[in-house]
Amino acid sequence: MDNLKNTEIMPVLPLRGLVMFPEVVLNIDVGRKKSKAAIAAAMRNNQEIFVSLQKDAALNDPEFDDICAMGVICRITQVIEQSDKVIRVGLQGKSRAVLKECISDTDFLSAEIEEIPKQEAKGTIKEKALMRAVKNIFDYYVELSQNFSPEFIFKISICKDPSTLSDYIANNLIMEYESKQEILETIDTEERLGKLVEVLTIELDIINMETELVEKTKNKIDEHQREYFLREQLSIIQEELDESEEPTSDYQSYVKKIKELDMPEESKKSLLKECQRLAKIGFGSQEGAVIRTYLDTVLD
């Protein structure tokens, strides 16, 4: 495509749930028959292919109407056979392009593709302000998410081209592919940077809310764990106190009365079980008071 002036016929590769951007390097696994045939056709020609988002990821055999018109002309950098059914393909994004006219969809999809030249930096105050805003918000996003390599962060920090900056960041953001496609379809760089500011702001709000929810959940878990350990310690202390008490203690007194009563053995076992519960939870607790009232009523 080095000699491309306006349009050219080339193979088409639909992507499921994935948006390609110019100047981005991507490795994907391809298993569909038509997609593999499109890659083979591109390799026989000039190793270039039109890559675009498939509107419905569930479709296994998409037609032209099922593919977004705006995509990216890519150069195929490598093709590696993973198995009999799957090949791994390396793609290098070149430029935005639009699918103009369908040519063939027999063995593989091919179409007339019109390249969209990269918009050069305008150098306006608005453009510079938007670039600074995007970088500042992205720095904060990186600080909160901590999912980016130092190399990528450095690349963003020194990037001075607004189009490249917006595409790099959009490609690496965790967001719905529909939102990424919307950014890809925005040709004007100032407008694209503006949309990126909106998207980043929303993503920051989501991250902050997630962090707040996680912190609240952690505090609740810590509080429950603390209550659990205190109850366990209290139970141990109560057991030790019960063991050290004389037979005249409340517990021994209840046990003695129950054993002396003339009643069915099953009833005795049931009452003795209540005595054991009383010893474990403590005589001073609210539940302990209920059990004592029950035992007193029965024994009376």
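Trainee: How much space lies in the largest cavity?
Mentor: This is a predicted model, so every value here is computed from it. The count comes to one cavity of 30 Å³ or more. The space in the largest cavity is about 30 Å³.

Trainee: Which strands and which helix each supply at least two residues of its lining?
Mentor: The lining includes Val51, Ser52 and Leu53, and also Met70, Gly71 and Val72. Gln181 and Leu184 line the cavity too. The elements that each give at least two residues are strand S3 (48–54), strand S4 (70–81) and helix H5 (177–184).

Trainee: How many charged residues does the lining have?
Mentor: Go through the lining by class. Leu15, Leu18, Val19 and Met20 are among the lining residues. By class there are nine nonpolar and three polar residues. The number of charged residues is none.

Trainee: In which sense do S3 and S4 pair, parallel or antiparallel?
Mentor: Look at one bridge to see the pairing. Glu48 has Arg75 in S4 as its bridge partner. S3 and S4 pair over four bridges, and the sense is antiparallel.

Trainee: Which residue in S5 stands opposite Gly71?
Mentor: Gly71 also lines the largest cavity. S4 pairs with strand S5 (residues 87–104) in the antiparallel sense over eleven bridges. A hairpin of five residues joins S4 to S5. Opposite Gly71 stands Ala97.

Trainee: Why is helix H4 (residues 162–172) largely enclosed by the rest of the structure?
Mentor: Count its buried residues. They include Pro162, Leu165, Tyr168 and Ile169. Asp167 and Asn171 are on the list as well. H4 is largely enclosed because the number buried, of its eleven residues, is ten.

Trainee: What is the angle between the planes of Phe148 and Phe152?
Mentor: The structure holds five aromatic pairs. Phe148 and Phe152 form one that is stacked, at 5.5 Å centre to centre. Stacked calls for planes under 30 degrees apart. Here the angle is 20°.

Trainee: Which residues form one aromatic cluster with Phe148 and Phe152?
Mentor: Both Phe148 and Phe152 are buried. Their cluster also takes in a Phe and a Tyr.

Trainee: How far apart in space are Lys257 and Phe138?
Mentor: Lys257 has its place in helix H7 (residues 250–260). Its relative accessibility is 44%, so Lys257 counts as partly exposed. Along the sequence, Lys257 and Phe138 are 119 residues apart. In space, C-alpha to C-alpha, the distance is 75 Å.

Trainee: How many disulfides does the structure hold?
Mentor: A disulfide needs two cysteine sulfur atoms within 2.5 Å. A search of the whole structure gives a count of zero.

Trainee: Which cysteine has the sulfur nearest to that of Cys68?
Mentor: Cys68 is buried, with a relative accessible area of 11%. Cys68 is in no disulfide. The nearest cysteine sulfur lies 14 Å away, in Cys102.

Trainee: What is the phi of Glu23?
Mentor: Find the residue before the angle. Glu23 is in the loop between S1 and strand S2 (25–30). Glu23 is partly exposed, with a relative accessible area of 30%. Its phi is positive although Glu23 is not a glycine, with a value near 65°.

Trainee: Where does Gln47 lie?
Mentor: Gln47 has a positive phi of about 65°, and it is not a glycine. With a relative accessible area of 24%, Gln47 is partly exposed. Its place is the loop between helix H1 (33–44) and S3.

Key:
Residues are numbered from 1 along each chain as its sequence is written. This is a predicted model: local features need pLDDT of at least 70, side-chain atom pairs count only at pLDDT 80 or more; totals for chains, interfaces and linings use all residues. Side-chain values use heavy atoms; hydrogens and water are left out. On a 1 Å grid over the protein atoms alone, a cavity is a set of points where a 1.4 Å probe fits but cannot get out, and a pocket is an open set with protein on both sides within 12 Å along at least five of seven lines; lining residues have an atom within 4 Å of a point. Grid points are joined across faces, edges and corners, and a volume is the space filled by probe spheres set on the points. Ala, Val, Leu, Ile, Met, Phe, Trp, Tyr, Cys and Pro count as nonpolar, Asp, Glu, Lys and Arg as charged, and the others, Gly among them, as polar. Buried means under 20% relative accessible area, exposed over 50%, partly exposed in between (1.4 Å probe, protein chains only). Rings of Phe, Tyr and Trp (its six-membered ring) pair if their centres lie within 6.5 Å; planes under 30 degrees apart count as stacked, over 60 as edge-to-face and the rest as tilted. Two strands pair if DSSP finds at least two bridges between them.
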